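Open the model in your viewer and keep the selection tool ready.

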Amino acid sequence: MSVFFKDISPGNPVKKGDAEDLLKKIGVAIDDKDSDDYNLLLAAVHDCAEHISNLPDYQPVPDTKQYPRENIRRPTQEEQEFGHAWAHKFLIRGNRDGGPMAGKSATVKDCIAVAGVPQFYGSDAFPAWTPSTDATVVTRLLDAGADIVGTSTCENFCNSTASFTSAQGTIDNPHHAGYSAGGSTSGGSALVGSGMVDVTVGTDQGGSIRVPSALCGCVGLKPTHGLVPYTGFTSGDAVDDHAGPITRTVMDNAACLDAIAGYDGIDDRSLGAGEHGSHGFAEALRSCPATGNAFPLAGIKIGVLKEGFGHDAMQPEVRDVVLDAVRKFEQLGASVQEVSVPAHMEGPAVWTIQQRISGTLTILGQAHGRRGLYLTEFEHARLPWTTENFRKLFPSTQNTVINGLYLMDKFPGLYGKTMNIGRQISDAFDLALQDVDLLVMPTTPFVAPRHGSRGTPRQCFEPTIGLTVNTAVFNVTGHPALSLPVGFAPAREDETVALPVGMQIVGGKWQEKMIYRVAHEWETAFNWRTCRYMAKESQQDDLPKVQYTVEVSPVVA
Ligand SMILES: NC(=O)c1ccccc1
């Protein structure tokens, strides 16, 4: 083997005209007289690729001695919950020396590698693949004393916020069968919301931790981008990827984040995440001097994001339950004002372009540009795509690829501009967060919808239209955002059905402690399960207003 063109291997398949054929795909051609040279160089790179293909892979070795996996199985129908919430059941006992997660039961979403446990990724387009490594968070949960009792079902390629898109089946809302559990961390949120398990680690590229948390009545945190290493997770896209805890209480959430946060020496997204074990999120809540005082949030400034209430899809009852929850912050001593960040409204379009292009590259196996662990076994399991496999993807996943190919074809270079506008939105929120400590808004504009139908591709999208208007923008900006259950509102389809409402609390980057503090005080002072929507004569809006925008700076030539 030589990376030079001196001794090409005997079986090398590169032949005359190959370089020309490749360039035809982008509509250009090389000079005829250079053809032989370029084909020789192509043959050399082929040998180089063969050489790498034949090397053994290099992945972290799981500690199956200290953490053996017992009784790995696909649950029977009797063992299932909420339809299909479990992907696999098993038991891995955590460290018995006591730790922040001692005595807690946990699942991880079925896109997180657990060595020896087959992973579906919500799909049946390829056989379940079995990781040979443990994700960093798996090792850390076990070290922290949690028992991992299974993998919980995720939506198809984690690509929908509905809970009927997984090839493993539909997941029911734990508060009412027939309604969505949200997605894509659907199974885990149903199991946690119902009390079956204490914690699930989820992932969020556009709302997939926060949406199901809101719909199932869980506390779900999408941390600052990079705080939790993504090592051993199937990636949606390195820009959008966030991992975080879904729990029933803020305290449990903080304890889980303590267990899983911090750089692991592998994922370059986490280079700024600080040392593992150094954060003290739960400790900060336990030792919070204000807890128990009459006005524990005195001095805290909360901004009510005007644009977060202004969508077409906004359900008035959800708005009212969230505004009632906001007024409760005032009872705790916080000051509350309305804040306008017009750039928020650009979030859905910016997210869509960014996610379609990068999501397509990832689905096609073209992930690149990051230092980290690549799940090569998964790549082998699903690639190359065939028509037969592709058609088995849920329509939202197929649509991502169709959209991405279109955008790359018709709008070359748009990705870069999208990233720049995304940074502009981030700057606008940073500016607003200089004056207020936190921003609040409904996590989702409406409560759990009824399950959609798997009829036509269009029908498959129906239940989730508008669901991520307040969540996806913070995947673009990377700000931490937590969904806190704050009460119940009636189902859109049936006013006798009461479903959970989530309030999204957004903080400055790396300001998880501030989010946790405010959420913890709210949760300690009020019982969200008794906060029900009540029809009012009128909701009057008496909050002081401030508007934040960031000027677009002219491009200097
Ligand atoms: N994984 C996600 O957060 C997601 C949400 C909505 C659509 C696609 C992906």
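Start with H9 and H13, which are oblique to each other, because angles under 35 degrees count as roughly parallel, over 145 as roughly antiparallel, 65 to 115 as roughly perpendicular and the rest as oblique. To find them, select residues 347-363 for helix H9 and residues 414-435 for helix H13; their axes come within 9 Å and cross at roughly 140°. Axes here are lines fitted to C-alpha atoms, for helices over the stretch in contact, and angles run from 0 to 180 degrees between N-to-C directions. Helices (H or I, at least four residues) and strands (E, at least two) are DSSP runs, numbered from the N terminus.

Before going on, note that this is a predicted model, in which local features need pLDDT of at least 70 and side-chain atom pairs count only at pLDDT 80 or more, while totals for chains, interfaces and linings use all residues. Residues are numbered from 1 along each chain as its sequence is written, and side-chain values use heavy atoms, with hydrogens and water left out.

Stay on the first pair and show side chains. On the H9 side, select Gly347, Val350, Ile353, Gln354, Ile357 and Ser358; they meet Leu414, Tyr415, Thr418, Met419, Ile421, Gly422 and Ile425 in H13, where contact means heavy atoms within 4.5 Å. By class, the residues of this contact of H9 with H13 are eight nonpolar, five polar and no charged. Ala, Val, Leu, Ile, Met, Phe, Trp, Tyr, Cys and Pro count as nonpolar, Asp, Glu, Lys and Arg as charged, and the others, Gly among them, as polar.

Next, select the ligand. Which residues surround the ligand? They are Cys158, Asn159, Thr161, Ser184, Asp204, Gln205, Gly206, Gly207, Ser208 and Trp351, each with a heavy atom within 4 Å of it.

Now look at backbone atoms around the ligand. A polar backbone atom of cysteine 158 is 2.7 Å from a ligand nitrogen atom. Backbone N or O atoms also lie 2.8 Å from a ligand oxygen atom in glutamine 205 and 2.5 Å from a ligand oxygen atom in glycine 206.

Two of the surrounding residues deserve a second look. Cysteine 158, in the loop between strand E4 (147-152) and strand E5 (172-173), has a positive phi, near 55°. Most residues other than glycine have a negative phi, and most peptide bonds are trans.

For another cis bond, go to leucine 383 and proline 384, where omega is near -5°. Proline 384 lies in the loop between helix H10 (376-382) and helix H11 (387-391).

Finish at helix H6 (residues 250-260). Its axis is 9 Å from that of helix H16 (residues 512-525), at an angle of about 155°, which makes H6 roughly antiparallel to H16. Val250, Met251, Asn253, Ala254 and Leu257 in H6 meet Glu512, Tyr516, Ala519, His520 and Glu523 in H16.

Methods. A polar contact is a pair of N or O atoms within 3.5 Å; within protein, one must be able to donate a hydrogen and the other to accept it, and residues adjacent in sequence count only if both atoms are side-chain atoms.
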